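Let's take a walk through a protein model together.

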Amino acid sequence: MKPAPKHQRLVLVILAVAALIGAALLAMWGLSDRAAYFRTPQDIAAGRAQVGEPIRLGGMVKQGSIVRQPDGVSIAFVVTDGPADVPVRYRGIVPDLFKEGGGVVAEGRLERGNTFVADTILAKHDERYMPPQMGNIQAERQTRKTVAQ
Amino acid sequence: MHRFANPARFLKIARPATGWLLALGLVLSLTGMAGALFLIPPDYLQGETARILHIHVPAAWLGMGGWTGIAVSSIATIVWRHPLAGVAARAIAPVGATFAFLCLVTGSIWGRPTWGTWWEWDGRLTSMLVLLFLYLGYMALAAAEKERGPDGRAAAIFGIVGIVNLPIIHFSVQWWRTLHQGESIGVAGSSIAPSMLWPLPLTTLGFSALFGAIVLMRMRTELAETKVEMRLRRMATAA
Amino acid sequence: MNQWAFVLAAFGVMAGGTGGLLAWSWPAMRSAEAKAEALGKRR
């Protein structure tokens with residue numbers, strides 16, 4: 001007995017959808033390196049960034065590293081992902097969420113000597129939300145983990 | 001499967017369902033939004049802006065859920081030649097597109113005070129924008145095809161192909177480093193404190209019910225218009 | 001505060017967008033069904 005045409009069509013459609021999704025996932029997975037929105041201090045330490053090349057640097061603002069310059073608009077701080085650190089210089093206004101122990105993405109260029117000069121500073125937060133009284137202690141412990149991933 | 005192929009049977013259920021979904025949706029979404037605005041505490045880090053989560057997440061869910069509906073209808077169109085499937089897909093498209101757009105806009109308004117930018121080309125934001133363009137493409141294709149005939153094969157194929165974008169949106173925050181944070185709610189639980197989370201099911205259910213009500217309204221509109229057209233044609237040939 | 005301006009803008013856009021869809025779909029359905037009804041009775 002021949003299968004009903006609608007069954008044939010169903011099997012064809014399911015196969016097509018599966019093949020399509022498989023191909024797309026494979027392509028996306030292959031792209032994962034190039035489609036990364038930012039690079040980490042470990043990438044920089046491993047030499048995966050050219051001096052002068054415009055890149056984004058992401059990580060956590062190291063505790064105690066923010067230094068405000070006397071001119072009032074320049075700051076210096078250190079971006080860390082745990083194993084590696086990159087010092088950053090920036091002139092301008094930072095977002096409200098930019099603080100020590102918080103996530104950050106800096107757009108700019110790497111200078112000789114592996115100092116990063118940022119044109120833009122963005123704050124990156126994680127997926128946890130909690131009321132103020134639950135406090136920052138628990139928060140900062142995990143920010144390190146989230147940002148470095 | 002073809003139980004609802006007869007529009008009369010479909011309408012018998014759709015007529016009362018439209019009103020019920022509309023009422024339920026209005027009550028739930030307004031309650032949820034009021035709770036999100038006035039009753040939950042601010043976030044320890046973001047402050048008041050975290051309240052936007054309670055509308056941004058339902059908008060994202062419905063933007064993606066809408067395309068799932070289009071894809072399922074498209075499969076029903078191609079496999080079973082179900083006569084109502086095309087009507088459903090055409091009814092869903094502009095509604096899903098609106099919610100995808102609302103997701104992008106509320107996200108942008110949220111991003112400015114928290115991240116410090118209205119827009120960044122990261123994996124999550126870009127793939128969501130692609131979804132909006134897919135909707136616009138689908139709507140153009142479906143409209144063009146409807147002019148020519150009721151079959152709608154090309155739009156259905158487009159609806160099925162477009163579904164690959166949904167896992168890309170979902171997993172973008174895992175595959176790539178993105179500015180957008182990871183998922184707050186997954187199978188393992190939620191990383192939102194319960195005292196801040198409770199309006200989310202209300203707004204999600206509420207806007208979903210409104211989505212359903214609007215889709216039913218649009219389906220009923222198209223069915224009524226088709227009825228008028230056919231009757232006029234019959235009257236013209238009889239005369 | 002300034003933060004509330006963003007919150008209210010976002011909620012306003014969401015409510016306006018959904019309300020707009022309703023304000024567009026509901027009258028369209030009513031008029032289409034009324035037309036169909038009227039034509040059905042005329043026979």
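Predicted model: local features only at pLDDT ≥ 70, side-chain atom pairs only at ≥ 80, totals over all residues.

Buried means under 20% relative accessible area, exposed means over 50%, and partly exposed is in between, using a 1.4 Å probe and protein chains only.

A contact means heavy atoms within 4.5 Å.

A word on the bookkeeping: residues are numbered from 1 along each chain as its sequence is written, while chains are lettered from A and ligands numbered from 1 in the order in which they are written. Local features need pLDDT of at least 70, side-chain atom pairs count only at pLDDT 80 or more, totals for chains, interfaces and linings use all residues, and side-chain values use heavy atoms, with hydrogens and water left out.

## Chains B and C

Chain B has 8 helices and 2 strands, in the order α-α-α-α-α-α-β-β-α-α along the sequence. Helices (H or I, at least four residues) and strands (E, at least two) are DSSP runs, numbered from the N terminus. Among contacts in chain B between residues at least 6 apart in sequence, 77% join residues at least 24 apart. Chain C has 1 helix and 0 strands.

The table sets out some values for these two chains; accessible areas come from the Shrake-Rupley method with a 1.4 Å probe, and for residues only the protein chains shown count as cover.

| Property | Chain | Value |
|---|---|---|
| C-alpha extent along the principal axes | chain B | about 75 × 35 × 30 Å |
| C-alpha extent along the principal axes | chain C | roughly 65 × 10 × 5 Å |
| Buried residues | chain B | 57% of 239 residues |
| Buried residues | chain C | 37% of 43 residues |
| Accessible surface | chain B | about 10200 Å², 70% on carbon and sulfur atoms |
| Accessible surface | chain C | about 2500 Å², 65% on carbon and sulfur atoms |

An unreviewed UniProt entry places the feature "transmembrane region" at several stretches of chain B, among them residues 20–40 and 123–143. UniProt positions are given in the numbering used here, feature names are shortened, and annotations may be inferred rather than shown by experiment. In the model, residues 20–40 of chain B are 95% helix and 0% strand, with end C-alpha atoms 28 Å apart. Residues 123–143 of chain B are 100% helix and 0% strand, and their end C-alpha atoms lie 30 Å apart.

## Where the chains meet

Of the 2 pairs of chains in contact, chains A and B share the most contacts. Chain A and chain C do not touch, and their nearest C-alpha atoms are 11 Å apart.

The size of an interface is often given as the accessible area lost when the parts come together. Chain A and chain B bury about 3700 Å² between them, 67% of it on carbon and sulfur atoms; this buried area (1.4 Å probe) is summed over both parts. On the chain A side, A:Tyr37, A:His125 and A:Tyr129 lose the most area to chain B, together 20% of what that side buries.

How many salt bridges are there between chain A and chain B? The count is 2, where a salt bridge is a side-chain nitrogen of Lys or Arg within 4 Å of a carboxyl oxygen of Asp or Glu. B:Glu120 forms a salt bridge with A:Arg56, the closest N and O atoms being 3.7 Å apart.

## Residues in loops

A:Asn114 sits in the loop between β5 (103–110) and β6 (116–124) of chain A, and its phi is near 60°, a positive value in a residue other than glycine. B:Arg81, in the loop between α2 (53–80) and α3 of chain B, has a positive phi of about 50° although it is not a glycine. B:Arg81 counts as partly exposed because its relative accessible area is 40%.

Definitions and conventions:
Buried area = accessible area lost by both parts, 1.4 Å probe.
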